[in-house]
Amino acid sequence: MRRRIALALGGTAVLTASLTAAALAPAALASPGLIAAMQRDLGLTAAQAETRLAQEMTATRVMPAARDAAGAAFGGAWFDPARGKLVVGVTDPAAVSAVRKAGAEPAAVAVSAAELDVAKAEIDSSVRTKPAPAAVSGWRTDVRTGTVVVSVRPGAHGTELDDFLATARKSGPVTVVTAPAPTPFAAGTVGGDPYYINGNTRCSIGFSVHGGFVSAGHCGGAGSSVVGWDGSAMGSFAGSSFPGNDYSFIRIGNGWWTAPVVLGWGTVSDALVRGSWVAPVGTSVCRSGSTTHWHCGTVLGHNETVNYAQGAVHQMTRTNVCAEPGDSGGSFITGDQAQGVTSGGWGNCGSGGETWFQPVNEILQTYGLSLVTA
């Protein structure tokens, strides 16, 4: 156990030293393996991947100021790879100049992000008293169309679904689309490099925090014991929430320690974690998990609700990165910025699909934790 973690750190020692110079370009923060994974999964050349990472890092840091500049006219934000810039929707032309001065490209939208968030929150509130029907896969805001998008399983119909949609439409404009049913990506015990809960469930480590690590809530309940990849005791779940949320904090001891890296599984170099700036919609994101290892894709949406068989989970981020059972809890990272822990989705890494993650900043705030960073 000690030797394996030391190797993970050792693989990044030279990179750590080389990054002490503040003048390094943002793209230099990416490991060669991350660039290769983006080439494979996003269809980019190495130069295009490096350029995109630099542009995304700029967009991530511009977003808070651009949102503030838009004020009440803020209509959401997304990264546009074609322009290489953050785009900010505005409902009032008077906000255009301020948004542009903040470093973003303004775009006219019909409905503010705040109005859409209120409409979605009303739907979220309704399912706390009456669960959404199984035919509903989830719901999310779409700032570009100015509607709340409700995903319904193909071929679904019936009175229960009709009643849910009627209630949803009372909250505001609704668009209905079809989408497969998402499921949490937990798995039974198999070989590999995971952590195990109560001896019979396998999940993946998310991010190291001071005192332990964070992962998915559906992996285990508070008090559940955890062993590591080598079978030695690690600790136990100090906190867990699922459904409603899908996150957990595992407090460790027994000789285990924390490292600011996301494992590359020999497919890519281990990635250093330096913070948790939120990646805008449209930016690239990569995932590491104990079943399918490294895969990359794009952030498709924030603050979405996913309706699992176990109940609705709120404030999720949707991606087109693939995942499979056992990847649950694993790391989502953009460049060197932690994004969240793998929750669930549909599809697989043979045919593709979509995966949702629980944002890491919410987990840190809930449990009063801080990331271990390089």
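User: In this predicted model, why is the disulfide of C203 and C219 called left-handed?
Analyst: The torsion about their S-S bond is about -95°, so the disulfide is left-handed.

User: What makes C203 and C219 a disulfide?
Analyst: Their sulfur atoms are 2.0 Å apart. The cut-off is within 2.5 Å, so the pair counts. The link joins distant parts of the chain: C203 sits in strand β9 (residues 201-203), and C219 in the loop between β11 (212-215) and β12 (225-227), 16 residues apart.

User: Why does C203 count as buried?
Analyst: Buried means under 20% relative accessible area. C203 has 0%, so C203 is buried. C219 is buried too, with a relative accessible area of 5%.

User: Why is the disulfide of C286 and C296 called right-handed?
Analyst: The torsion about the S-S bond is about 100°, so this disulfide is right-handed. C286 lies in strand β17 (residues 284-289) and C296 in strand β18 (residues 293-308), 10 residues apart. Both cysteines are buried.

User: What makes C322 and C349 a disulfide?
Analyst: The S to S distance is 2.1 Å. The limit is 2.5 Å, so the pair qualifies. C322 lies in the loop between β19 (311-319) and β20 (331-334), and C349 in the loop between β21 (337-348) and β22 (352-359), so the pair ties together parts 27 residues apart in sequence.

Notes:
Residues numbered from 1 in each chain as written. Predicted model: local features only at pLDDT ≥ 70, side-chain atom pairs only at ≥ 80, totals over all residues. Heavy atoms only, no water. Helix = DSSP H or I, 4+ residues; strand = E, 2+ residues; numbered from the N terminus. Buried < 20%, exposed > 50% of the residue type's maximum accessible area, 1.4 Å probe, protein only.
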